[in-house]
Amino acid sequence: MTETQGFSLADQLFNETSLGDLAAEYAAVVPGFHADEFHTEAMGGMAERGLLERLEWIADCVEKRLSPNFPEMAAQLEAAMPPPLDSTLTDDDFGRFIHAVPGILAVRHGLENHRERALDLLHRATRRFSMEFYIRPFLNRWPQETMARLLGWAEDENYHVRRLVSEGTRPKLPWAKKLTLDAMVPLPLLDRLHGDPTRYVTRSVANHLNDIAKIAPDAVVTCLIAWQAQAHQNPKELAWMTRQALRTLVKQGHSGALNLLGFRQDVDISCTLSLGDTQPHIGQSLSINAQLRSPTSLPILVDYILHFHRPNGRLGQKVFKLKQASLTANKPLILKKNHPLKGNATTFTLHPGPHRVDLQINGKILASTEFELRT
């Protein structure tokens, strides 16, 4: 996790107030749980730990004050849970990170000998804070049994539980433990979830498909075509999900993905590409100018690909959006873009040397030009 200069997400999530709230929740239901003692100990270990490490540390501090017997511990964890998140909402209600503790302890103490009780605990806990990180060890250790539970949870009345079914099984979930499960195995779960009425769930389904697209792109296109035919989702929502699910494939120029979105590749498009300065300096902007024309009217998706120089001689590249538009027959479309050549970009570092810009239209590179980046 990266944090902007001057702002600490970890401090925002774990501080005197949030840990005081957590202490009060446990002290109210667990005999002998001294809130002040816990608060002092937990706060004392915050400074030297990062965000995820702080979660583990807080779980350490809670664990030593609970029963060592897991079924009893699970009951204590459930008793200390705050009310469930508002089930009338449909999005952007992630919960508080301090309520990840039940998930951590479910993995520590329930994974091997108390699988079903631990899964019950995760089912209740995810209605307060997403258990997407903590369902994954169970999928790795008990794939068939855990998948059977998830199949039932896909029909749960609570949308946080339904989202967990998709989010927890994502093959490339950020920051999460890697799954040993084949990426195709959860597809039946997504079949059930894609018609969900809540955006919180459908966004997860779309992101899940985008993960799969990096592994099995054609399977994702086939899946989306099937969902269109089934008509279980509102067409507008499914169109949004489709765009989200195919965003990586669109950048890669995948023909099936582009065709599904209505951007044909078997069309006649002529174009020119030029730069305002062929020797720009790091810290300046690169002026990109393009002109497109077609004998027929058609929708177009225009990206530009920056190929940048690295000191080891290898080229890196990154795709940027330029324009989604409609070409009018025999009428030129003029596009302009000032691309900042930041010297302190967080995603990649620019180095002086030869660079190239490609113009990609409906997934096909139709023009290229080069420039020399200077310090």
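Strand S6 (residues 353-361) and strand S7 pair in the antiparallel sense over nine bridges; strands are DSSP runs of E with at least two residues, helices are runs of H or I with at least four residues, and both are numbered from the N terminus. Two strands count as paired if DSSP finds at least two bridges between them. The model is predicted, so local features need pLDDT of at least 70 and side-chain atom pairs count only at pLDDT 80 or more, while totals for chains, interfaces and linings use all residues. Residues are numbered from 1 along each chain as its sequence is written, and side-chain values use heavy atoms, with hydrogens and water left out.

**The four-stranded sheet**

- Strands of a sheet pair through backbone hydrogen bonds, either parallel or antiparallel.
- The pair S6 and S7 belongs to an open sheet of four strands in the order S4-S3-S6-S7, with antiparallel pairing.
- Strand S4 (315-327) and strand S7 (364-373) are the edge strands, and each pairs on one side only.
- The twist averages 20 degrees from one strand to the next; axes are lines fitted to C-alpha atoms, for helices over the stretch in contact, and angles run from 0 to 180 degrees between N-to-C directions.
- Leu359 has Ala367 in S7 as its bridge partner.

**The three-stranded sheet**

- An open sheet of three strands has the order S1-S2-S5, also with antiparallel pairing.
- Strand S1 (270-275) and strand S5 (333-340) each have a single partner strand, so one side of each is left without a neighbour in the sheet.
- Direction ignored, neighbouring strands of this sheet are turned by 15 degrees against each other on average.
- Strand S2 (residues 285-293) pairs with S5 in the antiparallel sense over eight bridges, and Leu292 stands opposite Leu333 in S5.

**Two packed helices**

- The axes of helix H7 (residues 115-125) and helix H9 (residues 143-153) come within 11 Å and cross at roughly 35 degrees.
- H7 passes H9 in a right-handed crossing, a term used if the near helix is turned clockwise from the far one by less than a right angle.
- The contact (heavy atoms within 4.5 Å) involves Arg115, Glu116, Leu119, Asp120 and His123 of H7, together with Glu145, Thr146, Arg149 and Trp153 of H9.
- These contact residues divide into two nonpolar, two polar and five charged; Ala, Val, Leu, Ile, Met, Phe, Trp, Tyr, Cys and Pro count as nonpolar, Asp, Glu, Lys and Arg as charged, and the others, Gly among them, as polar.

**Pockets and the cavity**

- On a 1 Å grid over the protein atoms alone, a cavity is a set of points where a 1.4 Å probe fits but cannot get out, a pocket is an open set with protein on both sides within 12 Å along at least five of seven lines, and lining residues have an atom within 4 Å of a point.
- The largest pocket holds about 430 Å³ of space; a volume is the space filled by probe spheres set on the points, which are joined across faces, edges and corners.
- Of the 21 residues that line the largest pocket, Phe94, Glu132, Arg163, Glu167 and Tyr200 lie nearest its centre.
- Helix H12 (199-213) and helix H10 (159-167) are the elements that give two or more residues to this lining, and H12 supplies the largest share, four residues.
- The second largest pocket has about 190 Å³ of space, and its lining residues divide into nine nonpolar, no polar and three charged.
- The structure holds one cavity of 30 Å³ or more, and the largest cavity has a volume of about 80 Å³.
- Helix H2 (residues 16-27) gives the most to the lining of the largest cavity, with three residues.
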